[in-house]
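Dear colleague,

Please find the structure below for your records.

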Number of protein chains: 2
Amino acid sequence: MPQFLDATTPDFEEQFAALLGAKREDSPDVDAAVAEIIADVRARGDAAVIELTERYDRLTLTPETLRFAPEEIEALIAEVPQHEREALELAAERIRAYHARQMPEDASWVDESGATLGWRWTPVSAAGLYVPGGLASYPSSVLMNAIPAKVAGVERLAITVPTPDGVANPLVLLAARLAGVDEIYRIGGAQAVAALAYGTTSIAPVDKITGPGNAFVAAAKRRVFGKVGIDMIAGPSEILVIADGDNDPDWIALDMLSQAEHDESAQSILITTDRAMAKAVEAAIERHLLTLERREIAGKSWRDYGAVILVPDLDVAAVLSNRIAPEHLELCVADPDGLSEQITHAGAIFLGAWTPEAIGDYVGGPNHVLPTARSARFSSGLSVMDFVKRTTLAKMTPAALRAIGPAAETLAISESLEAHGLSVRARLNHLNEL
Amino acid sequence: MPQFLDATTPDFEEQFAALLGAKREDSPDVDAAVAEIIADVRARGDAAVIELTERYDRLTLTPETLRFAPEEIEALIAEVPQHEREALELAAERIRAYHARQMPEDASWVDESGATLGWRWTPVSAAGLYVPGGLASYPSSVLMNAIPAKVAGVERLAITVPTPDGVANPLVLLAARLAGVDEIYRIGGAQAVAALAYGTTSIAPVDKITGPGNAFVAAAKRRVFGKVGIDMIAGPSEILVIADGDNDPDWIALDMLSQAEHDESAQSILITTDRAMAKAVEAAIERHLLTLERREIAGKSWRDYGAVILVPDLDVAAVLSNRIAPEHLELCVADPDGLSEQITHAGAIFLGAWTPEAIGDYVGGPNHVLPTARSARFSSGLSVMDFVKRTTLAKMTPAALRAIGPAAETLAISESLEAHGLSVRARLNHLNEL
C-alpha cells in the first residue's frame, strides 16, 4: 500500500523524513565488468566492439556495418506510419523552438581601469548520444538529447543504439534524422560508451556523451567522465502533484500512473489540501491498475513508493515540495502561477490541470531529461548549456595594468608565488622606465 | 629538458600526439580510506570529525569550537597588513563586478498554440567551499569560489579550512569576510567534505560543494557526488602561450614559470612562429630557475612537462591550441583579438602581452577556477551558473492541449506508455464533451 501522511499529526516530520531518505534504487555492481569492457575496447577497438555486440546483442557486425548506411535508414524510416511521423515532426519543431531560446550570449565590456573583459560561448565539437535498445528505446529521448546539441552548434553528433537480434526501431531512426544526427551506430552497452569516449578505427571519439542507459551504461559513463564530459546519471523517474479539492481525480491518477508505469522504482506523490480528493485519487489509481497494460510495473511502483500527503494549506505544500525537490511538479490548483512563485527546487513545473506531465515528455517544448533523486536542489535539466562552454576573456592596457597590477603583485607575494608577482612586476618596471 | 617540437618536421604529428596524451597526474589511490572516513562521519557525526581532526591536524576541538567564533575571526583579520587588505578588497570588488554580469535571465512567452512556456533560475540554498590548509591555502581561491555563490544568491555559504596545529591564515579569513561567507569551520580532508555533504549535529548539510583539495578531498567529492552537487575535479594547472617574434622573452618566461611554480605536475607550453624567440624564452626560464624561490618545483615541472613548439604561422598555432584546449591561453601577438576568433576550446584567454596570466589569478575579474587536462573541450570555468539551477515551466490552455495533445498521445502509444496517453486523452475527451 502507498503511504498516507497527514502533515498535522505529531509523527509527520519523522514519516516525511523517512519518505525523503528512502532509497529506491538498488543498482547491481557492474563496475568491475565495465572496467574490463572499457579496457578491451581501448586495446582492441572495433574488434572488441564487434565481439561484445555478438555476445550481448546476438548480432554479427563488421567494421563496415557498425554504422547504419544511409539507404538502410531510408528504408526503415519509410515504414513509419504517417500519423507517427507527423507527431514526431511536431515534437521536434516544438523542442527546437524552445531550446533555440536558451542560446547564451557572449559579452564584452571595457571597465573603469580600461581593461576589456568578457566571455565567449563555443559549442562542443563532437557529441555522442546513447540510446537504449529494446523496450526503453524511446524516440522522444532521441529528440530531447539530440536537438539541444544541434541547436548549440555541435558539428558532429553520433548516436549509438543497440539492435538486439538486429531489430531496429524505425521511430528512433526517424527521430535521429529529424534532429540532424550525423552518424548512427548499432551498438550498445559499456562497449558503446567506451567507443564514443576513446574512439576506434571506425568510430571517431567525441568530447561529450549524454543519454540514459542501464547499470552498465551508467557505470561506463562514470568511468569515462574526465576523458569526456557526461550528462547527469539519472535515477528512477518521479512526479509530485500538488492538488486542491477542485480537480478531476481521474486526471491526477493518470498523471501519477504516467510516472509509475516507467519503472518499478519510480515514485508518484500527491500532496493535497483535500482529504476527499486524496481518497478519490487513490481509488482512481486502483481502478486503472486493474486494466493498465503496464499494471505490474505501475502497481509495484505505487505500492512500494507511492505516497499521499494531506496538508492544511498550500503554503505547507510548497514547503514540502521544496524539500522533495521533485523531478516533475504538477500544480493542479486554482492559482498555479502564484503557487509556483513559492517553488525554489524542481526540475520542471506543469502549471494547472490542463498540463499533464505527459505533454512535457513529448511535445511541450522543454526538455524531459530532468534531475532526479532530489538533485533539483543543485542541478538542472538537459539544455543547450550542456553542449556549449564558456571561454573568459581579459585584455589589459598599460594603464589598466598600472591600476590593478600592484594589487596582483601583493597577493602573489602573500601566497608565496614569486613568479606570479615577477610576471606583473617586469611589465610595471617597463612602464616605469618609459 | 623540456621538449622542442617543430611543426614542419615529418614526425611532428606523432610527437604532438604523445605530448597531448602524456599523463601528468599520478594520484595515490585513497578511495578505500576515504570511504571509511565518510562512513565514520555519517555514523558518528561531530565525534568522528573531532577525532579525525585531532589525528590529522594535531588540533583538539569540541562541537563548540569546530566553528570559528566571530571574535576570533575579528582578531585574526586585524593582523592583516593594510596593503594586503586593500589588494584583497580590490580583487573582491573586481571579481564581484565581473560575476554580477553572469546572472542568467528568466524567460516566459506564449507560443502560437496558446501555451505559456519558459524557465526560471533559482539559487542553490546552501553551498560549502573547501579551502586547503597549509601551503596551498590561497585567499584568492576563497574569493573565486565564494563570490560567484553569493552573487548567485546562495543564502548559506559555509567554508571548511583545516588549521594544522591550530594555525589559521588571516588572509583566508579576511577573504571569506569580504566574500560574505556565513560560517567557517576549522576542519579539512575527507571528513570536512563528509560533514558538508551529510551534516553533523554542529554542521548543517549543504547542497553543493566546490573548491580545490588534495587526493583525499578529490576522492571524497567524487563519493558524495549525487548526494550533493560538486564542481569539477581539477587537475594540475597549465598554460599555453602563443607568441610572435615581437615580445620580451623575459615576460613570457615569467608567465610560463607562474604555472610551473604551482606544482611539479603543472605544464607550460610555448607555441611560437619565431625560432629565436623560442630560444630566448628557454634561456630566460633557465636564468630565472637559478634564483626563483620555488625553483625546485618550477624546475621539475619545466623539465618534465614543459614544451616549446615552433610553427610556420599563427593559423597552425590556433589549430594546435584547439587540440590542446588549454586551461590558460596567452595570445602575445600583434593582433590578439583576431587570433582569439580562431580559438574554439580554452578555459580563459589573456589577450596581448600586457595581460600576464597572473592578473587573471587575482584581480582581472574572471574566475581562476578553470577546466584542466583538455576538459575545456566540454566544460567551463567556475561561474555564477554553478550556483543556480533552472526550472522549466509549461502551462497549457484547453486550446493548446487540443492543438498538441493528440501528437503526445500518438507518441505515448508508440512508446507503449499507455497511462501517458490516457492522461492526455482524458482531458481531450472532457473538452470534446463540452
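Where in chain A does A:E415 lie? The residue sits in the loop between α16 (398-414) and α17 (418-433), where helices (H or I, at least four residues) and strands (E, at least two) are DSSP runs, numbered from the N terminus.

This is a predicted model, in which local features need pLDDT of at least 70, side-chain atom pairs count only at pLDDT 80 or more, and totals for chains, interfaces and linings use all residues. Residues are numbered from 1 along each chain as its sequence is written, chains are lettered from A and ligands numbered from 1 in the order in which they are written, and side-chain values use heavy atoms, with hydrogens and water left out.

An unreviewed UniProt entry annotates A:E415 as "binding site", together with A:S237, A:Q259, A:H262, A:H328, A:D361 and A:H420. These positions reach up to 55.5 Å apart between C-alpha atoms. Such annotations may be inferred rather than shown by experiment; positions follow the numbering used here and feature names are shortened.

A:E415 is buried, at 5% relative accessibility (buried is under 20% relative accessible area, exposed over 50%, partly exposed in between; 1.4 Å probe, protein chains only). Beyond its neighbours within four places in sequence, its contacts (heavy atoms within 4.5 Å) are B:Y138, B:P139, B:S140, B:R294 and B:Y362.

A:D361, in helix α15 (residues 357-362), is buried at 8%; its contacts include A:H262, A:H328 and B:H420. A:H262 is partly exposed at 25% and touches, among others, A:S237 and B:L417.

Yours sincerely
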